[in-house]
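Colleague: I'm new to reading protein models. Could you walk me through one, feature by feature?

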Amino acid sequence: VWCLRAQTPPEDVKKVVQKVIDELLPRQCEDGGLSYWGGWNHSSLWATAHVGYVFKLAQEMGYEVPAP
């Protein structure tokens with residue numbers, strides 16, 4: 001997010017970050033994890049951990065992140 005802020009108007013940064021959050025949500029698999037690629041039906045521990053971290057940071061910054 002910080003690199004977007006340097007070159008992008010604040011209202012556009014918020015839109016881009018929220019769009020990415022919204023695009024990651026459908027990657028959740030039946031086991032609760034997230035797939036590395038959209039359309040996959042198996043979760044990735046690496047992707048799940050990183051997306052969880054990003055969601056936590058985004059939530060702390062005031063973005064809308066759904067509860068697990």
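Colleague: Let's start with burial: what percentage of the 68 residues in the protein chain do buried residues make up?

Modeller: Buried residues make up 24% of the 68 residues. Keep in mind that this is a predicted model.

Colleague: Okay, so how much confidence does the chain average, and where is confidence lowest?

Modeller: Here's the general idea: where pLDDT is low, the predicted coordinates should not be read in detail. In this case the chain averages a pLDDT of 85, and 90% of the residues score at least 70. Confidence is lowest in helix α1, residues 2-7, with a mean of 58, while α3 has the highest mean, at 93.

Colleague: Got it. How many helices and strands does the chain have?

Modeller: Three helices and zero strands. Going along from the N terminus, the order is α-α-α.

Colleague: Which residues make up the largest nonpolar core?

Modeller: There are 10 of them: V13, V17, I21, L24, L34, V51, F55, A58, Y63 and V65. Two elements, α2 (10-24) and α3 (45-60), each give two or more residues to this core. The biggest giver is α2, with four residues.

Colleague: Can we try one in a loop? Where does S44 lie, and which residues does S44 touch?

Modeller: S44 lies in the loop between α2 and α3. Not counting residues up to four places away in sequence, S44 touches L34, S35 and Y36. With a relative accessible area of 17%, S44 is buried.

Colleague: Now charges. How many salt bridges does the structure hold?

Modeller: The general idea is that side chains of opposite charge can pair when their charged atoms come close. This structure holds two salt bridges. In one of them K19 pairs with E23, and their closest N and O atoms are 3.1 Å apart. In the other, E60 meets K56 at 3.0 Å, N to O.

Colleague: Last topic: aromatic rings. How many aromatic pairs are there?

Modeller: A pair of aromatic rings is described by the distance of the centres and the angle of the planes. The structure holds two such pairs. One of them is Y36 with W37: the centres are 4.9 Å apart, the planes make 90 degrees, and the pair is edge-to-face.

Colleague: Which residues form the aromatic cluster?

Modeller: Y36, W37 and W46 form one cluster. Y36 is partly exposed, at 38% relative accessibility, and W37 is also partly exposed, at 47%.

How values were computed:
Residues numbered from 1 in each chain as written. Predicted model: local features only at pLDDT ≥ 70, side-chain atom pairs only at ≥ 80, totals over all residues. Heavy atoms only, no water. Core = buried A, V, L, I, M, F, W, Y, C linked by side-chain atoms within 4.5 Å. Buried < 20%, exposed > 50% of the residue type's maximum accessible area, 1.4 Å probe, protein only. Phe/Tyr/Trp six-rings, centres within 6.5 Å; stacked < 30°, edge-to-face > 60°. Contact = heavy atoms within 4.5 Å. pLDDT = per-residue confidence, 0-100. Salt bridge = Lys/Arg side-chain N within 4 Å of Asp/Glu carboxyl O.
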